[in-house]
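This report describes the fold and packing of one chain.

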Amino acid sequence: MLIGITMGEAGGVGPELALKAFGSGDICENFILIGDYEIIEYCNSLLGYNVPLKRITDVDELTRGYFNVLDMKLLGKEQLRIGQISRESGYAARSYVEKAVRLALEGKIQALVTLPMNKESTRLSDPVFSGHTELIAELCGQKNYTMMLSGEKLTVTHVSTHVSMQEAVEKVKKDRVYNVIKLTYEALKSYIQEPRIAVAGLNAHAGENGSFGKEEILEIKPAVERAREEGMNVEGPVAPDTVFIKACKKQFDAVVCMYHDQGHIPMKLLDFEGGVNVTLGLKVIRTSVDHGTAFDIAYKGMASTRSLIEAFNLAVKMCGRK
């Protein structure tokens, strides 16, 4: 088994997180970091981690006991802008992901774990970039996918993610809601014998029988009923202001959320450092840290490795079940 870790934004916390997690022994399976050797070398020296590095140009050159860097040769130390928006690093971060996806599709790595990119940096060279999830799905040629966030206390998936609120409401359609329920059920089924899924309403109090909107009646409920008819243990629409409390009390194993913040806010409140981002429905296994580039603390050795470690371990776990 070989895992590919993308370096993420060069000026963010990605390089130090990977180095620190390897140096502490928390990442001990075979992996390669897909990024720029010169950036990793500088970060390693600056923070005094003294991690043994090896520059490689192909996955076959991996040597155990070393931090193997598949060197993309896109950025040098002179181009590094720590804690700053940078067109060069945004372009490079996107390129690392493209390379990792190609390697996964070719079967040269079994999963990819992504470190954080900065959307503003990447949009300077790719104006339509909206996030890792959408980019990887596009590279895989797939449209039926969803984002799952998972932590110790809560797991959520999303009907929509990086769109405006107006567009998010427009995307609440029964076919899409059903597809996300099914993707969620199939993912949970790999490690939970009979997953219990709640589907959150869109409107206050799940619309109160149409008093505050018709989406629950016209779109969400029919999707839930279809999933039930196919044997899935699913309930909904459940009022959004109570569904997460019920999930935290173990009444449900996951909550299908209607838009980005409906799922992200409770997840980040409950487990900001330990949450893992997983893309469901792809040809490749992809997990990610559930935090950003943290420009304010980059290259200071302060960032927590917990989310990276959890994301890496989940990728290994998912590889074992594939």
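## Strand β10 and its partners

Strands β8 and β10 pair in the parallel sense over three bridges; two strands count as paired if DSSP finds at least two bridges between them. Helices (H or I, at least four residues) and strands (E, at least two) are DSSP runs, numbered from the N terminus. In β10, Val255 has Ala198 opposite it. β7 also runs parallel to β10, joined by three bridges, and Val156 stands opposite Val255.

β10 is covered on both faces: Ala254 and Val256 are buried on one side, Val255 and Cys257 on the other. Buried means under 20% relative accessible area, exposed over 50%, and partly exposed in between, with a 1.4 Å probe and protein chains only. In a regular strand the side chains alternate between the two faces of the sheet.

## Basis of the description

The model is predicted, and local features need pLDDT of at least 70, side-chain atom pairs count only at pLDDT 80 or more, while totals for chains, interfaces and linings use all residues. Residues are numbered from 1 along each chain as its sequence is written, and side-chain values use heavy atoms, with hydrogens and water left out.

## The sheet

An open sheet of 12 strands has mixed pairing and the order β3-β4-β2-β1-β5-β12-β11-β6-β7-β10-β8-β9. Because β3 (53-56) and β9 (233-238) stand at the edges with a single partner strand each, one side of each has no neighbour in the sheet. On average, neighbouring strands are turned by 25° against each other, direction ignored. Axes are lines fitted to C-alpha atoms, for helices over the stretch in contact, and angles run from 0 to 180 degrees between N-to-C directions.

Strands β2 (residues 31-35) and β4 (residues 67-71) pair in the parallel sense over three bridges, with Ile34 opposite Leu70 in β4. Helix α8 (residues 215-229) packs on the sheet and touches β8 (196-200) and β9, its direction making about 170° with that of β9. Contact means heavy atoms within 4.5 Å.

## Helix α9

In helix α9 (residues 240-248) the buried residues are Pro240, Val243, Phe244 and Ala247. They cover an arc of only 90° around the axis, so they lie on the same side of α9; the arc is that of the directions from the helix axis to the C-beta atoms. Their cover includes β7 (155-158), β8, β9, β10 (254-257) and α10 (260-271). Lys250, which follows α9, has a positive phi near 70°.

## Cores and aromatic pairs

The largest nonpolar core has 70 residues, of which Ile32 and Phe67 touch the most other members. Such a core is a set of buried Ala, Val, Leu, Ile, Met, Phe, Trp, Tyr and Cys residues joined through side-chain atoms within 4.5 Å. Apart from it lies another core of 22 residues, including Tyr178, Ile181, Ile197 and Ile220.

There are five aromatic pairs; rings of Phe, Tyr and Trp (its six-membered ring) pair if their centres lie within 6.5 Å, and planes under 30 degrees apart count as stacked, over 60 as edge-to-face and the rest as tilted. Phe22 and Phe67 are edge-to-face, 5.6 Å centre to centre with 85° between the planes. This pair links helix α1 (residues 14-23) to strand β4 across 45 residues, and both Phe22 and Phe67 are buried. The rings of Phe31 and Phe312 have centres 6.1 Å apart and planes at 80°, so this pair is edge-to-face. Phe31 lies in β2 and Phe312 in helix α11 (residues 306-321), so the pair ties together parts 281 residues apart in sequence. Phe22, Phe31, Phe67 and Phe312 form one aromatic cluster.
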